[in-house]
Amino acid sequence: MYKLVKPNILWICTDQQRFDSLKCYGNELVKTPNIDRLAERGVLFENCFSQSPVCTPSRASFLTGRYPRTTRCRQNGQAIPNDEKLITKLLADAGYICGLSGKLHISPCHPSVAPIKENRIDDGYAQFHWSHHATPEWPTNEYVQWLQEKGQKFKRENVEESNYVQYGPDAEYHQTTWCTEKAIQFIESNKDYDRPWLFSVNIFDPHHPFDPSKAYLQRYLERMDEIPLPNYKVGESENKPIYQQIDHNGAYGMKGNLAYSEMNDYDHRLLRAAYFAMVDLIDEQVGRMIATLEKTGQLENTIIIFMSDHGELLGDHGIYLKGPHFYEASVKVPLIISWPKKIKGNRRIDRLVELVDLAPTLLEAAGIPIYE
Amino acid sequence: MEMKGGAGEYINAEDFNPNIDSVNYSIRTKDYKYIFRFSDKEELYDIQNDPYENVNLADIEEQLEALQFMRELLLIEMKKTNPVLEVAIKNKLSQLVQKEHL
């Protein structure tokens, strides 16, 4: 049977998740048993780097196996040209059925320039559940439509004593959960078909805004003292390049926007807590997807990838979010791959790998010639 | 509208205009990481003693020798890989060196 030869691919890619936000990457505070178990079952890459510290160039790069200067997506707001071939298109042409939930973000996604939805090239996705992010800014945001169906409205609540952190929707109404349910539906409905499949689970978290579910943040509020402060040496920005100095006073060059220079220790710890809380929900949902693979008998021959498109400075070097700052926190990402049928698990690889390596690797795994 | 400058648009090395274009390069050894920025501060980190890169040594007088070494190393690599830009970077660096000696 076709499926016995070609593996399925469950490609979980979170947004803006730094490498050290998982227990299996040394973080003792987060609760990530499911991703840790995935690492035990597969291969964990200790030194994986993204091609860019922002979304579009990074995503265009790992979806094509080409560097940003070649795909011509060098910064957010630039559209992937029609002549670029995505790995999903190549897989689809080779018989795969490809699906997605969440964002794609290889074309402009600001509502001012993309008011209806993200423009797509011939990307190979047969099923496309688009929700760029949770905030309702497009009528086509499928996550927001799902909330409506459940009689819910998207809302955030203020967290007392914080200008930076808010409570997002509860876990059951969270975008991470929605992305996961779409994946589960796809995995279940494909189990009876011969065709191999690929599903991209492109969760928006732990990308800012810092708005975890309340119950998940609460766990950290009791142990705030244990949360480490950012890696910052007082005054270090002063003799660093100008954009680092500017972003110290406001991320994205916007004065006062998550400005490290205006924060106290409590703010820093609460922001980390919020970030970790978002990761904890991601982990739970990863557990659900893996359980579905198990339940439907598809775990053996499914390649599971867990990764992120780039990191988050989270106050390191006196800066929040990201920018033209190529520090480890920004460019080093988690990468875990498991494929029980073919790859020996419980291994940690310390060699340098890059996200640009993924596309050719997946083609090889699927027995498809490398595209040049 | 395509932004002029800073958007990373593709140009040939031969067309590099030192008045409006910029380019950044980095090179590292076991001990140091050096970042050259055509239109901003250089960075030099002692990655043995400062692995998290909190202290930029490029401005520190006692580190001038290490800085010069890393600059030379970059130029040697550039000569092999992009001789046109090597000339532009060499010119820029010699301006910086002149300033250091004032």
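Before looking at single residues I noted that a residue is buried if 20 or more other C-beta atoms lie within 10 Å of its own, exposed if 12 or fewer, and partly exposed in between, with the C-beta atoms placed from the backbone. I also noted that this is a predicted model, in which local features need pLDDT of at least 70 and side-chain atom pairs count only at pLDDT 80 or more, while totals for chains, interfaces and linings use all residues. Residues are numbered from 1 along each chain as its sequence is written, and chains are lettered from A and ligands numbered from 1 in the order in which they are written.

**Entry 1: chain B as a whole**

I looked up the elements of chain B and found two helices and three strands, where helices (H or I, at least four residues) and strands (E, at least two) are DSSP runs numbered from the N terminus. Read from the N terminus, these elements follow the order β-β-β-α-α. The C-alpha trace of chain B spans about 45 × 30 × 30 Å along its principal axes, and of its 102 residues 16% are buried. I then turned to contacts, which join two residues if their C-beta atoms, placed from the backbone, lie within 7 Å. Among the contacts in chain B with a separation of 6 or more, 29% are between residues 24 or more positions apart.

**Entry 2: B:Asp46**

I found B:Asp46 in strand E3 of chain B, which covers residues 43–46. B:Asp46 counts as partly exposed because 16 other C-beta atoms lie within 10 Å. Leaving aside neighbours within four places in sequence, I listed B:Asp31, B:Tyr32 and B:Leu57 as the contacts of B:Asp46. I also looked up B:Gln63, 17 residues from B:Asp46 along the chain, and the C-alpha atoms of the two are separated by 9.8 Å.

**Entry 3: the two helices of chain B**

How do the axes of H1(B) and H2(B) cross? The axes, which are lines fitted to C-alpha atoms (for helices over the stretch in contact), have angles that run from 0 to 180 degrees between N-to-C directions. For helix H1 (residues 64–81) and helix H2 (residues 83–100) of chain B, the axes come within 8 Å and cross at roughly 155°. Angles under 35 degrees count as roughly parallel, over 145 as roughly antiparallel, 65 to 115 as roughly perpendicular and the rest as oblique, and H1(B) and H2(B) are therefore roughly antiparallel to each other. From H1(B), the residues B:Arg71, B:Leu75, B:Met78 and B:Lys79 meet B:Pro83, B:Leu85, B:Glu86, B:Ile89, B:Lys90 and B:Leu93 of H2(B). Sorted by class, this contact of H1(B) with H2(B) has six nonpolar, no polar and four charged residues, where Ala, Val, Leu, Ile, Met, Phe, Trp, Tyr, Cys and Pro count as nonpolar, Asp, Glu, Lys and Arg as charged, and the others, Gly among them, as polar.

**Entry 4: where the chains meet**

I looked up the contact between the chains, to which chain A gives 11 residues and chain B gives 13 residues. On the side of chain A that touches chain B there are three nonpolar, three polar and five charged residues.

**Entry 5: a helix pair in chain A**

Helix H2 of chain A (residues 33–41) and H10(A) have axes that come within 7 Å and cross at roughly 55°, which makes H2(A) oblique to H10(A). The residues in this contact are A:Pro33, A:Asn34, A:Ile35 and A:Leu38 of H2(A), together with A:Asp283, A:Glu284, A:Val286, A:Gly287 and A:Ile290 of H10(A). By class they divide into five nonpolar, two polar and two charged.

**Entry 6: backbone exceptions in chain A**

Most residues other than glycine have a negative phi, and most peptide bonds are trans. Which residue has a positive phi of about 75° although it is not a glycine? I found that this is A:Arg72, placed in the loop between helix H4 (68–71) and helix H5 (87–93) of chain A, and A:Arg72 is partly exposed, with 18 other C-beta atoms within 10 Å. A:Leu314 has a positive phi of about 50° although it is not a glycine, and with 25 C-beta neighbours inside 10 Å this leucine counts as buried. I also noted that the peptide bond from A:Asp205 to A:Pro206 is cis, with omega near 0°, and that A:Pro206 is in the loop between strand E7 (197–202) and helix H8 (214–221) of chain A.
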